[in-house]
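Hi everyone, thanks for making time this morning. I'd like to walk you through a structure, so please have a look at it on the screen before I start.

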Amino acid sequence: MAATKDEIVKGLAEIVNEIAGIPVEDVQLDKSFTDDLDVDSLSMVEVVVAAEERFDVKIPDDDVKNLKTVGDATDYILKHQG
Amino acid sequence: MNATNRTVVVTGIGATTPLGGDSASTWEGMLAGRSGVAALDQDWAADLPVRIAAAAAVDPGEIIPRAQARKLDRSAQLALIAAREAWADAGFEARAGEDSSVDPDRLGTVIASGIGGVTTLLNQYDVLREKGSRRVSPHTVPMLMPNSPSANVGLEVNARAGVHTPVSACASGAEAIGYGIEMIRTGRADVVVAGGTEAAIHPLPIAAFGNMMAMSKNNDDPQGASRPYDADRNGFVLGEGSGVIVLESADHAAKRGAKVYAEAVGQGISADSHDIVQPEPSGNGIAHALQNLLANTDLKPAEIAHVNAHATSTPLGDLAEIKALRKVFGTDVDHMAVSATKSMTGHLLGGAGGVETVASVLAIHHRVAPPTINIENLDPEAADADIVRDEKRALPAEGTIAVLNDSFGFGGHNVVLAFRTV
């Protein structure tokens with residue numbers, strides 16, 4: 001069953017917390033992974049892989065560069081999840 | 001200023017070892033003659049021929065926040081902890097540039113390990129086989145590369161004069177410190193953070209060293225297994241940890257009013273060209289390094305009060321070093337108190353030169369030599385040197401004294417460092 005928008009944000013918050021140590025409550029839709037959440041380019045690959053597993057979605061490398069904010073990633077997952 | 005023969009001093013020290021999570025607890029453990037070796041009770045060790053090791057007394061995961069730790073191999077985590085202690089001990093209050101007493105362009109790091117990020121490599125290979133290629137961490141390469149500890153410490157302190165990693169197996173840490181001394185002496189840098197680190201307690205390195213017959217298999221007596229100079233020694237005990245010092249030109253240290261532990265007199269280096277793993281048994285290769293030390297510096301044999309020996313507890317290696325000392329120094333050996341601190345820390349491979357430099361510097365600073373523990377029956381051939389047995393021993397209370405820190409590595413690498421009171 002597909003995840004809701006709230007479930008995706010909550011899931012991404014848990015992933016970012018695990019990878020970058022940012023408190024889950026700080027992971028909001030308008031936050032930039034790089035500028036606000038301490039997710040560097042290599043850690044972003046980890047976020048993507050963890051999100052793929054959690055939400056049954058494929059995020060090709062070429063699309064990763066468009067996922068600047070938590071909102072970008074949430075919208076992408078909502079649209080592409082299996 | 002680009003002088004070519006500047007005096008170099010030690011202004012900061014740091015360590016995290018099997019005896020303690022910092023240099024003070026490590027030194028206290030050494031003086032007390034405490035062993036850091038314990039049985040490996042993990043499931044993965046059950047079928048290994050060697051089931052003892054000297055793990056770091058304080059797990060680096062307790063110090064470094066999880067988000068940072070997961071991007072660093074354990075060897076880099078240990079180096080970062082030791083380097084932070086040394087940096088603060090040297091009196092720097094922030095990274096170079098932010099602390100205006102040190103210019104980033106004149107700051108270097110030289111931190112080495114013998115094997116590099118071996119546990120990262122092996123753990124990620126497990127991930128590849130069990131979970132597939134997509135799950136291999138994107139941090140794997142910057143974690144496993146052997147220059148990672150030096151580079152990460154360089155990032156932390158803002159070092160821009162150069163970040164280096166000489167690799168020479170178990171001589172790596174000492175070679176790193178020698179390289180750091182030369183960076184300052186030749187004018188490339190004013191301050192260098194230098195040392196060694198290692199974290200290789202994993203079934204594969206243990207099986208490999210064990211199958212070489214290089215390690216003690218005294219599994220029933222972990223604390224008595226590392227016994228340099230004892231007649232029944234039968235190999236080294238693997239240890240992990242890091243030792244790092246801050247080297248500085250004497251002028252730079254004086255200008256900012258830094259405390260000075262010792263002068264870093266210099267180094268002597270040679271290669272055995274004898275065998276890929278066996279030491280040259282007559283000690284000629286080591287003697288050549290000692291002769292180079294005397295030729296390259298103003299060190300006088302009469303000043304040498306203490307030797308922190310390489311002595312790993314192997315039958316051949318321990319004696320080759322004793323023979324070399326006698327060959328080069330003659331009767332001057334009689335006033336050198338020789339200690340094998342690996343009897344307590346185990347053998348930290350590339351970390352050994354760093355930790356033993358910290359011990360060497362503290363020994364002449366406090367004028368006391370740590371003991372060699374576990375000598376029940378002194379090998380008669382080792383008795384040709386004055387081994388500090390069982391208990392710590394006071395060094396001469398007056399006058400200038402110097403210490404040698406010997407480190408040798410597979411490949412035939414011989415590195416001798418000398419430090420002197422100021």
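A quick word on terms: when I say helix, I mean a DSSP run of H or I at least four residues long, and a strand is a run of E with at least two. Please also keep in mind that this is a predicted model.

Let's begin with chain A. How compact is chain A for its 82 residues? Its radius of gyration is 11 Å, close to the 12 Å from the globule rule, so chain A is as compact as a globular protein of that length. Of the 82 residues, 44% count as buried. Chain A exposes about 4600 Å², with carbon and sulfur atoms supplying 50% of that. For those of you who think about charge, chain A carries 8 positive and 20 negative charges, and their mean positions are 5 Å apart.

Now over to chain B. Here we find 14 helices and 15 strands. For 422 residues, a compact globule would have a radius of gyration near 22 Å, and the 20 Å of chain B agrees with that. Its C-alpha trace spans about 60 × 55 × 40 Å along the principal axes. Buried residues make up 61% of chain B. Among contacts with a separation of 6 or more, 79% come from residues 24 or more positions apart. On charge, chain B has 33 positive and 49 negative side chains, and the centres of the two sets lie 6 Å apart.

Let me zoom in on one helix, H1 of chain B, residues 23-32. Is H1(B) mostly covered or mostly exposed? Mostly covered: 7 of its 10 residues are buried. Among them are B:Trp27, B:Met30 and B:Leu31. And what do the buried residues of H1(B) pack against? Their partners in chain B include strand S1 (8-16), helix H3 (74-89) and helix H14 (352-366).

At the start of H1(B), a side-chain oxygen of B:Asp22 comes to within 3.4 Å of the backbone nitrogen of B:Ala24. After the helix comes B:Gly33, with a positive phi near 70 degrees.

That's my tour, and I'm happy to go back to any part of it.

Notes. Residues numbered from 1 in each chain as written. Chains lettered and ligands numbered in written order. Predicted model: local features only at pLDDT ≥ 70, side-chain atom pairs only at ≥ 80, totals over all residues. Heavy atoms only, no water. Rg over C-alpha atoms; globule rule 2.2 N^0.38 Å. Buried < 20%, exposed > 50% of the residue type's maximum accessible area, 1.4 Å probe, protein only. Areas by Shrake-Rupley, 256 points an atom, 1.4 Å probe, with all protein chains shown as cover. Lys, Arg positive; Asp, Glu negative; His and termini not counted. Charge placed at Lys NZ, Arg CZ, Asp CG, Glu CD. Contact = heavy atoms within 4.5 Å. Polar contact = N/O pair within 3.5 Å; in protein donor to acceptor, adjacent residues only side chain to side chain.
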